[in-house]
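Work through the exercises below with the coordinates open. Each task is followed by a stepwise solution.

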Amino acid sequence: MIKELNNISNLLDQAGVDHAIIGGLALAAHGVQRFTNDIDFIMDGEQRLLAKSCLLANGFSLLFESDEVMQFTGEIHVDIILANRPMSRSMLKDSRELPPFSIKTVGVEALIGLKIQAYCNDKKREFKDKADIAALIENSRNIDWKQVKVYADLFDQWDEITSIKEKMETP
């Protein structure tokens with residue numbers, strides 16, 4: 001999977017597409033180990049056609065496309081969230097390279113925000129995403145709770161996140 005991650009990131013870099021890791025691999029970069037069978041990115045929505053052409057030209061097939069996401073299959077499944085709004089563009093802009101990857105990865109606050117969005121949009125994901133949020137809280141230092149609240153408030157989830165946070169802080 002790491003080989004494919006580096007391959008896809010290199011292809012996007014060569015095409016000039018701004019992107020960052022999200023999902024299970026971003027969890028790993030933040031110290032949370034969880035099985036994942038795909039690679040997830042966030043990328044600049046204005047570079048959508050460039051990314052799509054790049055991946056299609058390099059052996060990937062487009063499975064699904066909307067204004068918000070693109071899904072590809074090839075050696076591995078690839079999901080791309082398109083940063084079209086100021087908040088998601090900020091997530092991308094604020095991404096930094098984190099070990100063990102030499103690829104930009106979203107910050108823990110953005111990852112929590114994306115997990116909140118995911119479980120609010122698909123209730124079947126709720127337990128897994130809340131467990132990921134709890135693990136991020138447990139493994140992260142210096143979380144910007146004001147930023148997390150901004151994300152949580154978009155989905156009226158601040159009380160839920162506060163509850164998870166309190167449970168993780170209880171000895």
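**Exercise 1: a helix pair**

The crossing of α5 and α7 is right-handed. The model is a predicted one.

Task: Determine how the axes of α5 and α7 are oriented to each other, and list the residues that meet.

Solution. 
1. The axes of α5 (residues 108-121) and α7 come within 9 Å and cross at roughly 15 degrees.
2. Angles under 35 degrees count as roughly parallel, and α5 and α7 are therefore roughly parallel to each other.
3. From α5, the residues E109, A110, I112, G113 and I116 meet Q147, V148, Y151 and A152 of α7.
4. Sorted by class, this contact of α5 with α7 has six nonpolar, two polar and one charged residues.

**Exercise 2: the sides of a helix**

Task: Find which residues of α3 are buried and what they pack against.

Solution. 
1. Within α3 (residues 48-57), the buried residues include R48, A51, C54 and L55.
2. These residues cover an arc of only 135 degrees around the axis, which puts them on the same side of α3.
3. An α-helix has 3.6 residues a turn, so residues three or four places apart point the same way.
4. L49 and A57 are exposed on the other side of α3.
5. The buried residues pack against α1 (2-14) and the strands β2 (38-44), β3 (61-65), β4 (69-73) and β5 (77-83).
6. After α3 comes G59, with a positive phi near 95 degrees.

**Exercise 3: a loop residue**

Task: Decide whether N142 is buried or exposed.

Solution. 
1. N142 sits in the loop between α6 (126-139) and α7 (145-154).
2. Exposed means over 50% relative accessible area; N142 has 77%, so N142 is exposed.

Notes:
Residues numbered from 1 in each chain as written. Predicted model: local features only at pLDDT ≥ 70, side-chain atom pairs only at ≥ 80, totals over all residues. Heavy atoms only, no water. Helix = DSSP H or I, 4+ residues; strand = E, 2+ residues; numbered from the N terminus. Buried < 20%, exposed > 50% of the residue type's maximum accessible area, 1.4 Å probe, protein only. Arc of directions from axis to C-beta. Contact = heavy atoms within 4.5 Å. Axes fitted to C-alpha atoms, helices over the stretch in contact; angles between N-to-C directions. Parallel < 35°, antiparallel > 145°, perpendicular 65-115°, else oblique. Left-handed = near helix turned anticlockwise from the far one by under 90°. Nonpolar A, V, L, I, M, F, W, Y, C, P; charged D, E, K, R; others polar.
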